[in-house]
Amino acid sequence: MHRLHKHMPSRAAKNRITNIAGVFFLLVATLHLARAIAGWEATIAGWTIPIWFSWVATLVAILLARAMFQMDKE
């Protein structure tokens, strides 16, 4: 048990990781929101991604960011 505990991240490290993840998800949300508002076209492998996808992705990314920041408080 002692060996396992030695390799587990500290609470401060976990908080830092969840904060970084939260900021990342906010960045993703911001980019999707900007795409949705500006109407930027996005194509992957010849498939044009519809604008509604960015609205959904914005909501999902915001919810994930919120979850990360709430985990930091626990």
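A contact here means heavy atoms within 4.5 Å. By that rule, residues 24 or more positions apart account for 58% of the protein's contacts with a separation of 6 or more.

The model is a predicted one: local features need pLDDT of at least 70, side-chain atom pairs count only at pLDDT 80 or more, and totals for chains, interfaces and linings use all residues. Numbering runs from 1 along each chain as its sequence is written, and side-chain values use heavy atoms, with hydrogens and water left out.

**Overall layout**

The protein has three helices and two strands. Along the sequence they follow the pattern α-α-β-β-α. Both kinds of element are DSSP runs, numbered from the N terminus: helices are H or I with at least four residues, strands are E with at least two. Helix 2 covers residues 11-38. Strand 1 is 42-44 and strand 2 is 47-49. Helix 3 spans residues 51-73.

Buried residues make up 18% of the 74 residues in the protein. The protein exposes about 5900 Å². Carbon and sulfur atoms supply 71% of that area. Accessible areas come from the Shrake-Rupley method with a 1.4 Å probe; for residues, only the protein chains shown count as cover.

| Residue | Relative accessible area | Contacts beyond four places in sequence |
|---|---|---|
| Ser54 | 0% | His32, Arg35 and Ala36 |
| Thr58 | 6% | Ala29, His32 and Leu33 |
| Ala61 | 3% | Phe25, Val28 and Ala29 |

Ser54 counts as buried because its relative accessible area is 0%. Its side chain also makes a polar contact of 2.8 Å with the side chain of Arg35. A polar contact is a pair of N or O atoms within 3.5 Å; within protein, one must be able to donate a hydrogen and the other to accept it, and residues adjacent in sequence count only if both atoms are side-chain atoms.

Ala61 has a relative accessibility of 3%, so Ala61 is buried. Ala61 and Phe24 are 37 residues apart in sequence, and their C-alpha atoms are 9.0 Å apart. Another pair is Ile17 and Met68. These two are 51 residues apart in sequence and 9.0 Å apart in space, C-alpha to C-alpha. Ile17 sits in helix 2. At 53% relative accessibility, Ile17 is exposed.

**The strands and their loop**

Ile49 is in strand 2. Its relative accessible area is 11%, so Ile49 counts as buried. Beyond its neighbours within four places in sequence, Ile49 is in contact with Arg35, Ala42 and Ile44.

Ala45 is found in the loop between strand 1 and strand 2. Is Ala45 buried or exposed? Ala45 is exposed, because its relative accessibility is 84%. Ala45 also has a positive phi of about 50°, although it is not a glycine.

**Nonpolar surface**

Which residues make the nonpolar surface patch of about 790 Å²? They are Leu33, Ile37, Trp52, Phe53, Trp55, Val56, Val60 and Leu64. Helix 2 and helix 3 are the elements that give two or more residues to the patch. Helix 3 gives the largest share, six residues. Patches are made of residues with over 30% relative accessible area and no salt bridge; like charges are joined within 9 Å, and nonpolar side chains (Val, Leu, Ile, Met, Phe, Trp, Tyr) within 5 Å. A salt bridge is a side-chain nitrogen of Lys or Arg within 4 Å of a carboxyl oxygen of Asp or Glu.

Trp55, in helix 3, is partly exposed at 45% relative accessibility. Trp52 is exposed at 56%. Phe53 is partly exposed at 37%.

The structure holds two aromatic pairs. One of them joins Trp52 and Phe53: it is edge-to-face, with 6.5 Å centre to centre and 65° between the planes. Rings of Phe, Tyr and Trp (its six-membered ring) pair if their centres lie within 6.5 Å; planes under 30 degrees apart count as stacked, over 60 as edge-to-face and the rest as tilted.

Notes. Buried < 20%, exposed > 50% of the residue type's maximum accessible area, 1.4 Å probe, protein only.
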